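Please consider the structure shown below with attention to its charged side chains. The paragraphs after it follow these side chains through the chain.

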Amino acid sequence: MPEKTGFTEDQLADFQECFLLFDKKGDSRIPAKQVGEVLRALGQNPTESEVKKLVQSTCQGKVDARVTFEQFLPMLQTVSSKQITDTVDDFVEGLRHFDKEGNGRISAVELRHLLVGLGEKMTEEEVEILIHGKEDAQGNINYEEFVRMVLAQ
């Protein structure tokens, strides 16, 4: 089995152990709606959109579908083999559109709004943790430094 998946026996055992922690019925299956949580618990960082596509292709749109480890493994393989293609420059360029004065800074209020309201939405608490201590005296944030800090985590 490891040859087929590219994972070692130890990795597969760890993945299955984690997977089974989410099995609340004892049938060696997890609810399809928890696939993203299991992937994240295994150190992956798929978007909600990616998880939705993986689950839909596996469960054929069945409501309340449950997923076996054998069905889950290819999803994990897909997510773990995906290359991260976003670069610091891509994010900086996106934030530059909100830099009204062209000085490399955007207001912390506006950054909070973007992080909470757009794309992969974050909670207020998550945003506060990221932004805390990054504001200057005028309430602005150097967005290039911010992006580098976030991507380094």
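The account begins with the basis of the model and then turns to salt bridges, a charged surface patch and one backbone angle.

The model is predicted, so local features need pLDDT of at least 70, side-chain atom pairs count only at pLDDT 80 or more, and totals for chains, interfaces and linings use all residues. Residues are numbered from 1 along each chain as its sequence is written, and side-chain values use heavy atoms, with hydrogens and water left out.

Side chains of opposite charge can pair when their charged atoms come close. In the whole structure, a search finds nine salt bridges (a side-chain nitrogen of Lys or Arg within 4 Å of a carboxyl oxygen of Asp or Glu). One of these joins the side chains of Arg 66 and Asp 23, at 3.5 Å from N to O. Because Arg 66 lies in strand E2 (residues 66-68) and Asp 23 in the loop between helix H2 (9-21) and strand E1 (29-31), this pair ties together parts that are 43 residues apart in sequence. Helices (H or I, at least four residues) and strands (E, at least two) are DSSP runs, numbered from the N terminus. Asp 23 is buried, at 14% relative accessibility; buried means under 20% relative accessible area, exposed over 50%, and partly exposed in between (1.4 Å probe, protein chains only). Arg 66 and Asp 23 also belong, with Asp 27, to a network of salt bridges.

A salt bridge of 3.5 Å, N to O, is formed by the side chains of Asp 136 and Arg 105. Asp 136 lies in the loop between helix H8 (124-131) and strand E4 (140-142), and Arg 105 in strand E3 (residues 105-107), so that the pair links distant parts of the chain, 31 residues apart. Asp 136 is partly exposed at 23% relative accessibility, and Arg 105 is partly exposed at 28%.

The loop between H8 and E4 also holds Glu 135, whose side chain meets that of Arg 112 in a salt bridge of 3.3 Å, N to O. Since Arg 112 lies in helix H7 (residues 108-117), the pair ties together parts that are 23 residues apart in sequence. Glu 135 is partly exposed, with a relative accessible area of 37%.

Most residues other than glycine have a negative phi. Ser 28, although not a glycine, has a positive phi of about 60°. Ser 28 lies in the loop between H2 and E1 and is partly exposed, at 42% relative accessibility.Finally, Glu 9, Asp 10, Asp 14 and Glu 17 form a negative surface patch (residues with over 30% relative accessible area and no salt bridge, like charges joined within 9 Å). Glu 17 is found in helix H2.

Methods. Patches are made of residues with over 30% relative accessible area and no salt bridge: like charges are joined within 9 Å, nonpolar side chains (Val, Leu, Ile, Met, Phe, Trp, Tyr) within 5 Å. Accessible areas come from the Shrake-Rupley method with a 1.4 Å probe; for residues, only the protein chains shown count as cover. Lys and Arg count as positive and Asp and Glu as negative; His and the chain ends are not counted. The place of a charge is taken as NZ of Lys, CZ of Arg, CG of Asp or CD of Glu.
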